[in-house]
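Reader: Please show me the chain and its fold. I will then ask about packing, surface and side-chain pairs.

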Amino acid sequence: MLNTLLSITVSVLFVLLCIIYPLGMLKFSDTVREKKRKSMDRSLRKIHKKMGIWIIVIALLHGIAEIKAGNLEGMASGKICFLLLILLFFSYGLKRFLKEKWMIVHRILAVITVIAVIIHIGGAL
């Protein structure tokens, strides 16, 4: 039960973190829809860092819960996903050194993480 709750929570956070970039690029000609899009984009960007920290914490708890439950199938891919999340977190620290280029590193890591998570979830189902 706890493992399922944690995996769903991590998945929701992951989707919310992943939609921020495409949501920012999306534009609607309809004023009402554009206003809602901007509001959602602003809200998600405001809590992006906090969600990033929470996803690391909950992913760690998810891994621990799965180990305790004896579910070791996705452990290797889960460790890779977790390490990628840690790298994404630390890539923010590169902002000081890489200036504008840190975002490129962050986005490349994000794409690799998305692929790894898809493989992890696909292997766990």
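Author: Contacts come first, and a contact means heavy atoms within 4.5 Å. Among contacts in the protein chain between residues at least 6 apart in sequence, the share that joins residues at least 24 apart is 66%.

Reader: What kind of model is this, and how are residues numbered?

Author: This is a predicted model, where local features need pLDDT of at least 70, side-chain atom pairs count only at pLDDT 80 or more, and totals for chains, interfaces and linings use all residues. Side-chain values use heavy atoms, without hydrogens and water, and residues are numbered along each chain as its sequence is written, from 1.

Reader: Which pattern does the protein chain follow along the sequence?

Author: Helices (H or I, at least four residues) and strands (E, at least two) are DSSP runs, numbered from the N terminus. The chain has 6 helices and 0 strands. Read along the sequence, the pattern is α-α-α-α-α-α.

Reader: How much of the protein chain counts as buried?

Author: Buried means under 20% relative accessible area, exposed over 50%, and partly exposed in between (1.4 Å probe, protein chains only). The C-alpha atoms fill a box of roughly 50 × 35 × 20 Å along the principal axes. Of the 125 residues, the buried share is 30%.

Reader: Which residues is Met51 in contact with, leaving aside neighbours within four places in sequence?

Author: Met51 is one of the core residues that touch the most other members. With neighbours within four places in sequence set aside, its contacts are Leu13, Leu16, Leu17, Ile20 and Leu44.

Reader: Is Asn3 buried or exposed?

Author: Asn3 sits in helix H1 (residues 2-25). Beyond its neighbours within four places in sequence, Asn3 is in contact with His62, Ala65, Glu66, Ala69 and Asn71. Its relative accessibility is 14%, so Asn3 counts as buried.

Reader: Which helix gives the most to the nonpolar patch?

Author: Patches are made of residues with over 30% relative accessible area and no salt bridge: like charges are joined within 9 Å, nonpolar side chains (Val, Leu, Ile, Met, Phe, Trp, Tyr) within 5 Å. Areas come from the Shrake-Rupley method with a 1.4 Å probe, and for residues only the protein chains shown count as cover. Ile53, Trp54, Val57, Leu60, Leu61, Ile64, Phe89 and Phe90 make a nonpolar surface patch of about 770 Å². Helix H3 (48-69) and helix H4 (75-91) each supply at least two of its residues, and the most, 6 residues, come from H3.

Reader: What is the geometry of the pair formed by Phe89 and Phe90?

Author: Rings of Phe, Tyr and Trp (its six-membered ring) pair if their centres lie within 6.5 Å; planes under 30 degrees apart count as stacked, over 60 as edge-to-face and the rest as tilted. The whole structure has 2 aromatic pairs. Phe89 and Phe90 lie 5.3 Å centre to centre, with 70° between the planes: edge-to-face.

Reader: Why does the pair of Tyr92 and Trp102 tie together separate parts of the sequence?

Author: The ring centres of Tyr92 and Trp102 are 5.4 Å apart and the planes stand at 85°, so this pair is edge-to-face. Tyr92 lies in the loop between H4 and helix H5 (95-98) and Trp102 in helix H6, so the parts tied together are 10 residues apart in sequence.

Reader: How far apart are the closest N and O atoms of Arg37 and Glu34?

Author: A salt bridge is a side-chain nitrogen of Lys or Arg within 4 Å of a carboxyl oxygen of Asp or Glu. Arg37 and Glu34 both lie in helix H2, 3 residues apart, about one turn of the helix. Arg37 is buried at 5% relative accessible area, and Glu34 is buried at 11%. Their salt bridge has its closest N and O atoms apart by 2.7 Å.

Reader: Which residue forms a salt bridge with Arg45?

Author: The structure holds 2 salt bridges. Arg45 counts as partly exposed at 42% relative accessibility. At 2.9 Å, N to O, its side chain meets that of Asp41.

Notes. Core = buried A, V, L, I, M, F, W, Y, C linked by side-chain atoms within 4.5 Å.
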